[in-house]
Amino acid sequence: MIEVPEAPAPAPVPVPVAGLRTRGWLRSNPLLAFGGAVSALIVIVAVLAPLLAPDPGDAGSATHPFDVLKAPSAQHWFGTDQVGRDVLSRVIYGARISPLVALFVLLIACAIGIPLGIAAGYFGGWLDDVIMRVTDIVLAFPALLLALALAALLPPSMTSLTIAISATWWPWYVRLIRGQAASVAGRPYIESCRALGISRRRIIFRHILPNAITPLIVQVSLDVGGVILTASALSFLGLGAQDPTPDWGLMVSEGQTYFTTDWWVVTFPGLAILITAFAFNLLGDGLRDLLDPRRVILR
Amino acid sequence: MTRYIARRLALAVVVVAGVVLLTFVIAHAVPGSPAASWAGPHASPAQVAAAAKYLGLDRPLPVQIARYFAGIFTGNWGVSIHTHQSVLSNIATAAPASLELVIAALIIALAVGVPAGLVSARRPGRPADQAIRAGSILGVSMPIFWMALILQLVFAQRLHVLPVAGEYSSNLLFTNPLTKVTGFPVLDALFTGNWPMLGSTLTHLILPAVVVAAYPAGLISRMVRAQILDTVGETHVQMARALGLPERDVFGRYLMKLAWSPVSAAIALVFGYSLVNTFLVESIFDWPGLGSYAVASIGTLDTPAILGVTLFVAIAYVIANLIVDIVQAVIDPRIRLR
Amino acid sequence: MRLEITGLNVRFGARSVVDVDHLGVDDAEIVGLAGESGSGKSMTTLAVLGLANTVGATVAGSIKLEGRELIGLPEKVLIGLRGSRIAAIFQSPSMAFNPVFRVGDVALRALRRHGLTGSEATDRVDQAMRGVLLSPDLLRRYPSQLSGGQLQRVAIALAVALRAEVLLADEPTSALDVTVQAEVLELLRELRSRDGMSVLFISHDLAVIAELCDRVAVMQAGSIVEQGPTDQIMSAPQHPYTADLLRSVPAIERRA
Amino acid sequence: MKRHRALPVAAGSALALILAACGGSYHASTQSQPKSAQTFTYDTYTPVMVDGWDPATEYSNGIIAMSLMYQTLTHYNSATHQIQPELATSWSSSDNGLTWTFQLRHGVHFHTGRLLTAQAAQAAILRTIKENGGAAYIWGAVKTIDAPSQYTLVFHLKYASPLDLEASADYSAYIYDTQAAGSGGNLTKWLNTPHDAGTGPYTLQTWNSGQEFEVILKSYSGYWGGWSGAHYKRVVFRVVPQDTTAVQLLKSGQVSFIEQMSPTLWSSLKGTSGLKLVSAPSWQNLLGQLNTRALSQPVRQAISYGIDYKGMIAALSGAAIASSGIVPAGLLGHFTDLPNYSYDPAKAKSLLNAAGYGPGKKAMNLSLTYTQGDTNESIVATLMKSDLAKLNINLSVQSLSWPTQWAKGKSSTASQHQDIFMEYWWPDYADPYSWFINLLETEKTPYFNLSYYSDPTLDGMINKVEPLVATDRTAAEQLYKEMQVRILGTAPILFLYNSNYQYAMQNNFTGLQVNPAYPNVVFVYDLKPTGS
């Protein structure tokens with residue numbers, strides 16, 4: 001996912017922007033407000049899935065062979081799929097699948113990216129070169145391609161999917177953290193810390209890490225949408241979730257055969273992917289405007 | 001200028017070598033012996049042994065790597081399990097269709113993204129800007145495999161406005177068959193003056209290209225907007241206005257050309273990304289490109305084919321970056337003169 | 001009075017940045033506008049050019065060119081005036097030219113926009129370049145290939161080529177070293193004496209103003225505290241702020 | 001070796017086989033006459049000639065084209081249950097069924113121009129036996145073959161066997177010109193360049209491997225049946241993986257016949273003007289082979305009671321019909337009064353409890369494999385998973401490409417074996433023997449008997465039944481009933497359902513006769529284009 005730098009919306013040249021009051025920026029930035037609200041809604045739906053879903057069993061292994069592929073009706077708002085399961089319940093439970101994968105992928109990517117980034121940025125020298133060259137090579141592959149190759153060679157499951165995507169995602173964070181760490185490490189006051197004999201660990205945790213946190217938060221929030229899309233794409237190709245997991249990508253893939261006659265089987269899960277990715281992207285976009293307008297992120 | 005390009009070329013070669021090495025690591029790191037996967041799941045033990053010998057699995061690692069590199073550069077990318085042909089020849093026949101699709105998509109993305117970016121940069125914060133920003137974020141958040149199905153259902157199956165699938169309509173094969181010149185159907189039709197075929201290839205290209213264009217269009221419009229807003233405050237803009245130039249010159253010509261350099265960097269990135277996006281769409285549109293080949297390879301656990309396609313796309317991606325570097329040097333004298 | 005500003009107010013939403021009750025520049029006259037940076041000098045330039053809205057500011061009051069009111073004119077008409085009647089040069093010459101275009105490109109395009117044919121425009125610009133002692137070949141170079149001094153002189157040549165009557169010079173010499181500064185000042189004097197151009201010379205450098213300008217206006221926090229003939233202001237400042245400014249400048253002697 | 005033909009497959013995206021639709025390398029036939037009414041376009045979802053062009057070893061999708069280029073001695077008519085003459089005009093067998101004499105048709109020429117003689121037919125069958133590919137086992141009973149005169153062929157058998165039935169098989173029964181490559185020429189290489197050396201109404205015009213228009217056949221002017229009356233002059237086999245796309249092509253007239261689509265898509269075409277829908281029972285059934293080594297008999301019976309067969313058939317909306325025993329309707333040995341299993345969760349629960357499993361007791365974990373891309377099999381797997389979940393059995397489902405699934409099933413390491421192997425099965429000729437000999441006879445190393453079932457008494461019955469069919473059909477029928485009752489008792493296999501053909505076609509031709517003995521084959525020569 002390639003995120004793009006954004007200059008703040010109305011940026012008059014000479015006038016410094018006064019302190020932002022939360023209510024102020026909400027009104028001035030409707031996209032962020034919408035993104036934040038819908039993202040929160042999705043998290044709530046995921047948490048309250050058992051209460052919200054009319055037929056929770058359908059998200060598991062339950063099937064109803066006698067009312068197969070029924071059109072949306074009062075009883076089934078989103079209709080039923082090829083084995084009679086309620087599409088609405090499965091879409092609701094789906095809110096627990098790909099967003100969760102996104103969470104794990106981003107945690108893993110940070111767990112790998114931060115230490116490597118700091119090592120490269122803080123210590124520099126040959127260590128920096130080695131780490132950064134490896135990062136460049138992994139980044140020579142479009143993320144989805146490497147994830148696809150890895151997932152295709154591993155037995156298809158949610159864990160393989162998570163591993164495959166994490167393996168392609170960490171390099172971005174190495175680059176980001178390294179940039180921050182190198183810039184802070186170069187500052188004179190770090191020199192003085194060293195002179196005062198402050199331990200390397202304290203310098204890293206007291207000075208370098210806090211500085212890198214803001215752009216990291218922005219980047220992670222921007223990536224949630226990207227990972228959800230990548231995970232759904234791989235599940236669509238049958239490389240991620242397996243039946244009966246209510247994964248949106250898998251539901252679109254399985255429904256493809258019935259799409260021309262029973263449109264609802266594909267439309268609603270796909271719509272869920274779009275809305276979720278859109279919401280998190282808006283949220284990330286808005287956060288970047290607020291916290292770190294100058295961040296240039298090219299993936 | 002040539003010194004700059006030579007340096008970029010050297011970097012590209014290093015990255016390609018790294019890419020080949022990485023595919024070697026993946027091939028050997030994945031569970032299951034590479035020999036078995038190279039020879040195929042139901043190959044006889046003798047065939048597996050022969051594959052092991054060929055890959056030199058018993059030999060020390062550097063020899064294996066050297067043998068793997070030699071194989072790659074001499075065109076021996078292994079035999080595809082589900083087509084029983086050499087992986088490289090499969091890729092050679094499939095690649096033009098995918099490249100044609102991605103290039104068409106990028107053209108659409110530029111035609112939509114650049115003007116959108118300009119309009120939203122003209123009056124930042126206004127409704128038009130908000131709408132375009134929301135639209136481009138929507139484009140970037142689109143699951144294109146789903147969008148492909150929706151567009152195919154609406155435009156092709158229900159409205160019959162556009163063809164459902166395939167590279168061109170079938171009965172043309174009897175009336176005016178396509179003769180292969182470059183391997184790209186649109187170009188071949190053009191060069192051989194086969195107008196009905198040209199019309200058919202273009203109409204068949206619309207739906208898939210529009211779907212693949214969703215992501216790059218969103219990205220390019222945001223990129224153009226950001227670059228212009230970054231430079232709109234600079235003195236030369238006021239200078240141009242002070243000389244009596246209208247806004248459309250200030251934005252369309254002066255600010256736009258300045259924005260091309262960073263935007264073209266994004267285009268190289270998005271080329272690689274979109275080439276992979278076609279994988280999700282080609283099966284839906286019966287598009288005989290790398291995507292269909294990759295999807296078929298996944299179904300049959302065809303490791304050599306999967307790695308071959310991965311390698312090909314990565315190399316194409318590095319070349320795209322190289323091309324853009326050169327284009328940037330042409331556009332931006334500051335780079336050329338460095 | 002060629003350029004007459006009366007009761008000018010420029011504001012950003014609630015905050016007012018410029019409040020000038022009267023300022024005028026006659027033909028063949030250089031008026032200095034002195035003041036510390038951030039006192040609204042640049043905003044005045046933009047207001048005169050009718051470009052304040054491009055940075056989100058609103059303008060009220062009256063700016064008359066040859067007796068014709070500019071504020072409120074439709075954009076189409078203003079475009080016709082910019083460059084051909086009122087021109088501007090800016091502080092950092094290297095920033096005043098688009099890095100990816102040849103130096104002459106913007107001028108030729110502007111001249112064509114003002115109705116000249118391609119060949120007429122080229123002749124006009126070449127002649128103006130020779131006027132500022134530069135070879136026309138420089139027009140085909142890129143900004144990064146020219147020095148600050150050369151670029152500033154090209155900027156002036158553009159104003160001459162467009163036959164502007166009023167030139168707004170916003171700190172044109174601040175970024176240049178002394179020797180090049182002198183050349184530019186000499187050029188401005190020639191524009192006044194030879195072409196009868198009215199120049200509003202904006203600067204925080206009182207020494208340069210003293211040397212160049214016929215009259216001077218002192219600006220503090222957006223409004224003019226004192227204005228009058230240069231030597232009168234220099235020798236007998238009425239307003240305490242002017243006195244402070246003068247004290248902060250090393251010995252000024254005024255050449256005849 | 002049994003080929004795999006995932007028959008009722010609506011190709012999902014996972015199995016979208018490589019389709020280079022008219023990609024660069026395709027050169028259309030030289031004469032580009034307009035799409036005349038004389039061309040019959042057969043639309044299939046998977047490449048046709050994947051096994052090559054040798055009529056002796058063909059054992060896969062190529063049947064739909066081979067059956068138009070090559071002919072067999074006899075032809076089975078499923079409507080009349082009769083064996084009809086084709087290249088043989090008449091035949092007789094000795095009382096003990098060990099000697100069979102066939103009289104060949106006169107004046108028949110191979111596409112190579114050579115005359116069909118007894119010597120030529122003898123050479124073809126001997127080569128097929130020697131190649132030992134495809135369904136060569138159908139000639140297993142043959143000891144020697146003589147050609148006493150130009151048109152008389154005599155077979156001497158090791159044991160009595162219904163040779164007239166075996167000679168009508170869908171694979172490895174073709175008669176072809178073994179001299180086609182010239183003296184000393186390599187016939188296999190010649191056939192695979194590709195050429196055809198058959199006697200059928202159509203012959204090869206163009207083959208584009210891996211392309212959408214894969215095979216084009218043209219009429220053979222010297223065909224012994226003659227070309228008087230309305231006939232199709234050209235047959236095009238077109239590969240379109242997406243059934244939704246195929247339907248679009250049918251509606252726009254670019255395709256004459258569609259072999260396979262999803263049941264819901266098929267029923268949605270009812271009433272469309274210009275189209276005709278045909279549904280007919282096939283001899284193909286979906287089986288779940290239960291691992292008899294891993295699962296005890298009571299557990300197998302419990303699973304057999306635990307499946308909702310009626311629900312499954314309802315969910316497949318027309319693609320499936322209930323099965324009775326192992327032999328589908330329309331074949332010798334089919335009975336409706338067999339002790340079949342029905343959905344009886346209570347009985348299943350009690351059987352499982354007795355074995356220490358079931359609800360409230362220890363959970364049982366089972367693994368099931370099916371063929372990737374087959375949407376009907378994936379629906380069945382999902383339904384079975386949910387039915388068995390109610391019996392505290394967690395069924396883990398794995399969809400694999402056929403080569404991988406089969407390799408896993410017959411691998412030498414038992415730990416690799418699955419608990420339930422789901423696959424389709426259908427006979428090579430109109431006789432139930434194929435199910436018993438392949439799926440239920442004891443095998444030293446597993447090949448097709450993937451429930452690893454061994455029952456010596458049943459083996460004895462299997463060896464007896466084949467000769468009986470030749471000598472005493474009623475006794476053979478009774479024996480088949482006995483065998484099926486025995487198998488249902490020990491439940492080594494789940495008999496899930498029989499597949500239904502669901503074809504969609506233009507209605508501008510008549511004469512289509514669906515013959516399950518030749519799966520999905522359309523004998524285009526017999527069709528009459530009405531040109532509307």
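Two residues are taken to be in contact if their C-beta atoms, placed from the backbone, lie within 7 Å. By this criterion, in what is a predicted model, 48 residues of chain B are in contact with 48 residues of chain A. Several helices of chain B contribute two or more residues to this side, namely helix 1 (2-29), helix 6 (127-140), helix 7 (144-158), helix 10 (195-231), helix 12 (247-282), helix 13 (290-299) and helix 14 (303-331). The largest share, 9 residues, is provided by helix 12 of chain B. Sorted by class, the side of chain B that touches chain A holds 36 nonpolar, 9 polar and 3 charged residues.

Chain B also meets chain C, with 29 residues of chain C in contact with 21 residues of chain B. On the chain C side, at least two residues each come from helix 2 (75-81), strand 6 (86-89) and helix 3 (105-113). Helix 3 of chain C gives the most, with 5 residues. This side of chain C comprises 18 nonpolar, 8 polar and 3 charged residues.

Within chain A, a welcome detail is the packing of helix 2 (residues 30-47) with helix 12 (residues 264-291), whose axes are 7 Å apart at an angle of about 130°. Angles over 145 degrees would count as roughly antiparallel and 65 to 115 as roughly perpendicular, and the two helices of chain A are therefore oblique to each other. Helix 2 of chain A passes helix 12 of chain A in a left-handed crossing. Among the residues that meet here are Phe34(A), Gly35(A) and Gly36(A) from helix 2, and Ala279(A), Phe280(A) and Gly286(A) from helix 12. This contact has 10 nonpolar, 5 polar and 2 charged residues.

Technical notes: Residues are numbered from 1 along each chain as its sequence is written. Chains are lettered from A and ligands numbered from 1 in the order in which they are written. This is a predicted model: local features need pLDDT of at least 70, side-chain atom pairs count only at pLDDT 80 or more; totals for chains, interfaces and linings use all residues. Axes are lines fitted to C-alpha atoms, for helices over the stretch in contact, and angles run from 0 to 180 degrees between N-to-C directions. Helices (H or I, at least four residues) and strands (E, at least two) are DSSP runs, numbered from the N terminus. Angles under 35 degrees count as roughly parallel, over 145 as roughly antiparallel, 65 to 115 as roughly perpendicular and the rest as oblique. A crossing is left-handed if the near helix is turned anticlockwise from the far one by less than a right angle, and right-handed if clockwise. Ala, Val, Leu, Ile, Met, Phe, Trp, Tyr, Cys and Pro count as nonpolar, Asp, Glu, Lys and Arg as charged, and the others, Gly among them, as polar.
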